[in-house]
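Here is a short report on one protein chain. Take a look at the sequence and the fold, then read on.

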Amino acid sequence: MSKTLEIYYQMEGYLHYCQFTRGMSDMTIKSKHHTYLHFIIDSECEDMRQLTNRGYDLWVEKQVTAGVSNSTINTRTAHIKAWVRYCREMGMEIPIKLPLIKKRHEGKVTRVHYTKEEIDRVLACADERTGLLIRICFDAGLRISELTNLRLSNFKGQKIHFVGKGNKDRESYITVDTYERLMVYVSENGITDALWPGRFGDTCSTDTLRNKMRQAFIAAGFDDFYPHALRHSFATDIQSKGAELLEMQMMLGHSNAQTTERYLHGLDGRQQALFSKYKDGSLKTSNTRQPDRNKEEQGQDTQQTLEQCMGSFSPEQQKAFVEILAKIASVGNQKHSAEL
C-alpha cells in the first residue's frame, strides 16, 4: 500500500466508526471529512503514526494565512484530537503531544438575533417558500440541517417530530398561522415527501436554503444574517416572554443548561441594573446616575426639611422634637467615640 494512501484508509476507518458505531449525524460526518481532507494536504502527513506537533502547527499556520477564524480552527482542532485518540485506542503510536495544543483565543462572540418585528420586516421581502423557511425556523428553533431534512411525514398538525443533532429524537411546534401557510404550500406544490424538493426531484441543499433566506434578510436591510441566528432569535423571543432556563433548555433540545446559556440575549448589558435590583439597591445604574453634590448642599437640604416640619408643630411639639434630636445626636457621638 502506498504511504500516501495510508492516511486516507485511516481516515475512512475512523469516519466509519463515527457513523455506524457512534451514530453521528450526516452533517457531523461531512464536517469531519472536510476537515480531515484539508488537514492531510496542509500538514503533509501521509500516516497518522508520523503526525507531530510541527505538522499540526503547519496546518494551523496555513489556516490563519487563509483568514480562517480562531473559532473555526478550534472546531477543526477538536476533530483532529478526536481522530488521534481513536487511532491510539486502535493501538497506533502517534508522536504528537495533545496537551501542547492550546485553544486559540476567540475573543467575545457576537451572536446575532432578531426581534419578532424585525422578522416581520424580512417576511415582507420574502417569497412564499423562503418565508415559510424563516417562519418554521423562528417558530420551532430548528437548526439549518434539521430544516433541510424536513419531510411531510415529520408533521403531525402543528407538531414537528424529527431527528436532531446527535441523532436525538426531538419535537417542536409551529404556530397556527405557519401551519396554515405550510398546508397551502404543500397543496399548491404537490409535496408528498421532501418538504423542499430540488430542481431534479432531490432535496434542496443546505447552501441553497441558506442563500434564499440570506437574500430576504439583505433585502430587509440586514446583512449580518446566518441561519443559526434564527435559532438564537427563537431563544430570545421565548426568553422575553418569560421562559425559564430549564424551559428554554427543553425547547431548544439541549443536553445541558450551559449550552442554553449561550442563547440568552435578553440580559445583555443589564448586569449593573440586575445587581442593583437583587444585591444592592443603592447602586446607581449608568443611565440614571446623578452628579454627586457636596456635603454642604446636602446639609442645607436637610436643614430646610427640618424647618419645614417644625413649622407645622405646636410649641410643645417643637420642644419635644428638639429633645429627641438631641438624644439621637448624643447616642451617635457615644457610638463614634467607642469605635475610635
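Which residue takes a positive phi in the hairpin of β2 and β3? G166 does, with a phi near 75°. This hairpin has five residues between the strands. Keep in mind that the model is predicted.

**Overview**

The protein chain has 340 residues, and 34% of them count as buried. It holds 15 helices and three strands. Take the contacts between residues at least 6 apart in sequence: 57% of them join residues at least 24 apart.

**The sheet**

The three strands form an open sheet in the order β1-β2-β3, with antiparallel pairing. β1 (155-156) and β3 (169-173) stand at the edges. Each has a single partner strand, so one side of each is left without a neighbour in the sheet.

The two pairings look like this:

| Strand pair | Bridges | Sense |
|---|---|---|
| β1 and β2 | two bridges | antiparallel |
| β2 and β3 | five bridges | antiparallel |

Start with β1 and β2. K156 has K159 in β2 as its bridge partner. F155 stands opposite I160 in β2. The hairpin of these strands has two residues between them, and G157 takes a positive phi near 65° there. Now move across to β3. Here I160 has S172 as its bridge partner.

The side chains of β2 alternate. I160 and F162 point to one face and are buried.

**The cores**

In soluble globular proteins, nonpolar side chains tend to be buried together. Here, the largest nonpolar core has 36 residues. I134, I136, L147, L150, L195, W196 and F217 touch the most other members. Several elements give two or more residues to this core, including α5 (116-123), α7 (144-148), β2 (159-163) and α8 (176-189). α6 gives the most, with seven residues.

What does I134 touch, not counting residues up to four places away in sequence? Its contacts are I119, V122, L123, M213, A216, F217 and L230. Another core lies apart from the largest one. This other core has 26 residues, among them I7, M24, Y36 and V60.

**A pair of helices**

Next come α10 and α11 (residues 245-252). Their axes come within 10 Å and cross at roughly 145°. The crossing is right-handed. On the α10 side, the residues in the contact are R231, F234, A235, I238 and Q239. They meet M248, M251 and L252 in α11. By class, the contact has six nonpolar, one polar and one charged residues.

**Two single residues**

R214 lies in helix α9. How far is R214 from T130? The two are 84 residues apart in sequence and 9.5 Å apart in space, C-alpha to C-alpha. R214 has a relative accessible area of 26%. Buried means under 20% and exposed means over 50%, so R214 counts as partly exposed.

E44 sits in the loop between α2 (26-43) and α3 (53-65). Its phi is near 60°, a positive value in a residue other than glycine. Is E44 buried or exposed? E44 counts as exposed, because its relative accessibility is 57%.

Conventions: Residues numbered from 1 in each chain as written. Predicted model: local features only at pLDDT ≥ 70, side-chain atom pairs only at ≥ 80, totals over all residues. Heavy atoms only, no water. Core = buried A, V, L, I, M, F, W, Y, C linked by side-chain atoms within 4.5 Å. Buried < 20%, exposed > 50% of the residue type's maximum accessible area, 1.4 Å probe, protein only. Helix = DSSP H or I, 4+ residues; strand = E, 2+ residues; numbered from the N terminus. Contact = heavy atoms within 4.5 Å. Axes fitted to C-alpha atoms, helices over the stretch in contact; angles between N-to-C directions. Left-handed = near helix turned anticlockwise from the far one by under 90°. Nonpolar A, V, L, I, M, F, W, Y, C, P; charged D, E, K, R; others polar. Pairing = 2+ DSSP bridges.
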